[in-house]
Amino acid sequence: MNIEQDELFSTWLVRAALAQGTDPLVLASHLWPGWRVCTIDLDRGVSEECATRLVQESGIQYDEFYSASFLPIAKAIGQEIRADRAIWYWFLALGSRNRKRHGGLQYCSHCLATDTRPYFRVQWRLAWHTCCAIHKICLRDRCWYCHMPIEPNRLSAQDLMSTCPSCKRDLRDAVMVPASASSLEFQEYADNVVITNSGFYGAHQLKTTEWFFLARYLLMLLRFTARNQTSNVRKCLASLLPSVSCLKPPITGLGFEMLPTSERANFLESVGVLIRTGPEHFRSAVLAHSLTGMSLRQGWQILPQYIHDIVQEIPQLARSRSTNIAVVSAPKSKQTVLYKWARLQRKIRRFP
Ligand SMILES: [Zn+2]
Ligand SMILES: [Zn+2]
């Protein structure tokens, strides 16, 4: 069975199994006996031995499997290729537990509906992808009916590729929600940075790895401001981008690669504006709000170059304040309780 254009490796394997009338797990154990494939993220690439066996059995060249994995994009954006890392930056995390997943895969119902043979795209696992560029609609990361994660790995031999394994509804029946122009714009720009091996911060050209590092830094800063609504950093960013005042912290407080599509889209829209604004305006805002190096670092040892240069210009610490405050065991804030509740919901996989 051919790999379709941009098809995701792990779901190609499922599609190949279903086409042969067998369960994905049965095919995987035939290919790689004794290997617990359900516990690993196959899209991060497989070992040479496993790849060799796959090439022998399928007749498909290794290059095609390589292109269907995360590896080409991970290398382009500077993600370290390490299997032991729970999170690969910019790649949605599956959060696997046995065969069950917490998330990690999105879909466009219109793409699936118009495919001759429905298949999942590599792009649907990228964290900066929140919409379908072809149909201009929001991607979904849950079954439209039962709200369970998208888990083609749990399909059975008699299922269609577009079936939700939990409720057996067809993902192609999802209602389409128009994508926001700014999230689509960020997504297409980031894609272009990968393709052309360069991007811009204001008027300054950066290499792809630097650009994604800067975007990740700004994401971190925006998430900090969303959690700390009275902070100077928030006031500083809001002076550049008024919509920062409306940013709400993610309900779960999870890593960016584990957030629902809509929450990621909100942050990415703001990152896009800050990147377009450029370092000169950012520097002016930092100086105007008397930010410190510590508040810009937020614990990061290494900073993107332009941010590093700004940090070098400003005081590293705020003037000392009285620390004579008794630390008592205060009641937990409403936000903390909501975080804990949402994490529990994710554990039982019903979120949102
Ligand atoms: Zn589509
Ligand atoms: Zn479902």
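Tutor: Let's begin with a rule: two strands pair if DSSP finds at least two bridges between them. Strands (E, at least two residues) and helices (H or I, at least four) are DSSP runs, numbered from the N terminus. Before we look, note that this is a predicted model, where local features need pLDDT of at least 70 and side-chain atom pairs count only at pLDDT 80 or more, while totals for chains, interfaces and linings use all residues. Residues are numbered from 1 along each chain as its sequence is written, chains are lettered from A and ligands numbered from 1 in the order in which they are written, and side-chain values use heavy atoms, with hydrogens and water left out.

Student: In what sense do β3 and β4 pair?

Tutor: They pair in the antiparallel sense, over 4 bridges. Strand β4 covers residues 204-207, and there Lys207 is the bridge partner of Ser198. The hairpin has 2 residues between its strands, and in it Gly202 takes a positive phi near 60°.

Student: Which residues of helix α13 are buried?

Tutor: Buried means under 20% relative accessible area, exposed over 50%, and partly exposed in between (1.4 Å probe, protein chains only). In α13, residues 305-313, the buried ones are Ile307, Ile310 and Val311. They line one face of the helix, because they fall within an arc of 100° seen down its axis; the arc is taken from the directions from the helix axis to the C-beta atoms. An α-helix has 3.6 residues a turn, so residues three or four places apart point the same way. On the other side of α13, Gln305 and Gln312 are exposed.

Student: What do the buried residues of α13 pack against?

Tutor: Contact means heavy atoms within 4.5 Å. These residues pack against our strand β3 (198-201), and also against α8 (208-227), α11 (279-288) and α12 (293-297).

Student: Now the metals! Which protein atoms are donors of the zinc ion (ligand 1)?

Tutor: Donors are N, O and S atoms within 2.8 Å of the metal (3.2 Å for Na, K and Ca); water is not among the atoms, so sites may look incomplete. Here the donors are Cys108 (SG), Cys111 (SG), Cys132 (SG) and His135 (ND1), at 2.1 to 2.3 Å. Along the chain, their spacing is C-x2-C-x20-C-x2-H. Cys132 is buried at 5% relative accessibility, whereas His135 is partly exposed at 22%.

Student: What is the arrangement around the zinc ion (ligand 2)?

Tutor: Four donors count as tetrahedral if all angles lie between 85 and 135 degrees. The angles at ligand 2 are 106 to 116°, so the arrangement is tetrahedral. The site of ligand 1 is also tetrahedral, with angles of 105 to 115°. Ligand 2 is coordinated by Cys143 (SG), Cys146 (SG), Cys164 (SG) and Cys167 (SG), at 2.2 to 2.3 Å. Cys143 and Cys167 both lie in the loop between β2 (137-138) and α7 (181-196), so the pair ties together parts that are 24 residues apart in sequence. Cys143 is buried at 1%, and Cys167 is buried at 18%.

Student: With these cysteines about, how many disulfides are there?

Tutor: A disulfide is a pair of cysteine sulfur atoms within 2.5 Å. By this rule the count is 0 disulfides. Take Cys131: the closest cysteine sulfur, in Cys138, is 6.4 Å from its own, too far for a bond. Cys131 is also buried, at 3% relative accessibility.

Key
Four donors count as tetrahedral if all angles lie between 85 and 135 degrees; four count as square planar and six as octahedral if opposite donors are over 155 degrees apart and all others between 65 and 115; anything else is irregular.
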